[in-house]
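Colleague: I have not worked with this structure before. Could you walk me through it?

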Amino acid sequence: MQIQPIQNKYENEIVDLILNIQQKEFNVPVTLEDQPDLLDIENFYYKPGGIFLGAFIEEKLVGTIALVKFNSEAGAIRKMFVKKEYRGKEFQIAQQLLEQLIAYSKEKGIKDLYLGTVTLLQAALRFYEKNNFVTIPKETLPTDFPLMRPDNVFCHLKLNQ
């Protein structure tokens, strides 16, 4: 498996991977129109200082994770998705994606990582808790945190520099 920064040239694969998981696997009522960032990765993720990583097996995109740097010391984790057949301890794709994103965040001086998800994604919540994220009330999010409409659970990780 190889993890690398990816840009808009992979947008078809990114959209296909993410929408299939959101809509077909988990029935999350979200469309491509709700996620314009997927068609403008460069401006949405890279320009403010974030990144969009892709995990590849045999040159096929099997996982993603992205960072939106929304102020000088804070970032939001977005688009953490791994194809169903590549999930779990055997592959460790989600773990490796998260670890690379955390390393990148520390390099960029980010002290706090936040994320939003939906209660439906219990396995994702357990994964984040196992990685020392703490569930926090929506009211305690930074005011500049980029909210996504479907999200109803929020987590925070304090990074040690």
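Modeller: To begin with a definition, helices are DSSP runs of H or I with at least four residues, and strands are runs of E with at least two. Please note that this is a predicted model.

Colleague: How many helices and strands does the chain have?

Modeller: The chain has four helices and seven strands. Along the sequence, they follow the pattern β-α-α-β-β-β-α-β-α-β-β.

Colleague: What radius of gyration does the chain have?

Modeller: The value is 15 Å, which agrees with the figure near 15 Å for a compact globule of 161 residues. The C-alpha atoms fill a box of roughly 40 × 35 × 30 Å along the principal axes.

Colleague: And how much of the chain counts as buried?

Modeller: Of the 161 residues, 50% count as buried.

Colleague: Turning to the rings, how many aromatic pairs are there?

Modeller: The structure holds 10 aromatic pairs. In one of them, the ring centres of Phe70 and Phe145 lie 5.8 Å apart with planes at 90 degrees, so this pair is edge-to-face.

Colleague: Where do Phe70 and Phe145 sit in the chain?

Modeller: Phe70 belongs to strand β3 (residues 60–71), while Phe145 lies in the loop between β6 (134–136) and β7 (153–158); the two are 75 residues apart. Both are buried. Phe70 and Phe145 also form one aromatic cluster with Tyr114 and Phe154.

Colleague: One last topic: what about charge? How many positive and negative side chains are there?

Modeller: There are 19 positive and 21 negative side chains, and the centres of the two sets lie 3 Å apart.

Technical notes:
Residues are numbered from 1 along each chain as its sequence is written. This is a predicted model: local features need pLDDT of at least 70, side-chain atom pairs count only at pLDDT 80 or more; totals for chains, interfaces and linings use all residues. Side-chain values use heavy atoms; hydrogens and water are left out. The radius of gyration is taken over C-alpha atoms; the globule rule is 2.2 Å times the number of residues to the power 0.38. Buried means under 20% relative accessible area, exposed over 50%, partly exposed in between (1.4 Å probe, protein chains only). Lys and Arg count as positive and Asp and Glu as negative; His and the chain ends are not counted. The place of a charge is taken as NZ of Lys, CZ of Arg, CG of Asp or CD of Glu. Rings of Phe, Tyr and Trp (its six-membered ring) pair if their centres lie within 6.5 Å; planes under 30 degrees apart count as stacked, over 60 as edge-to-face and the rest as tilted.
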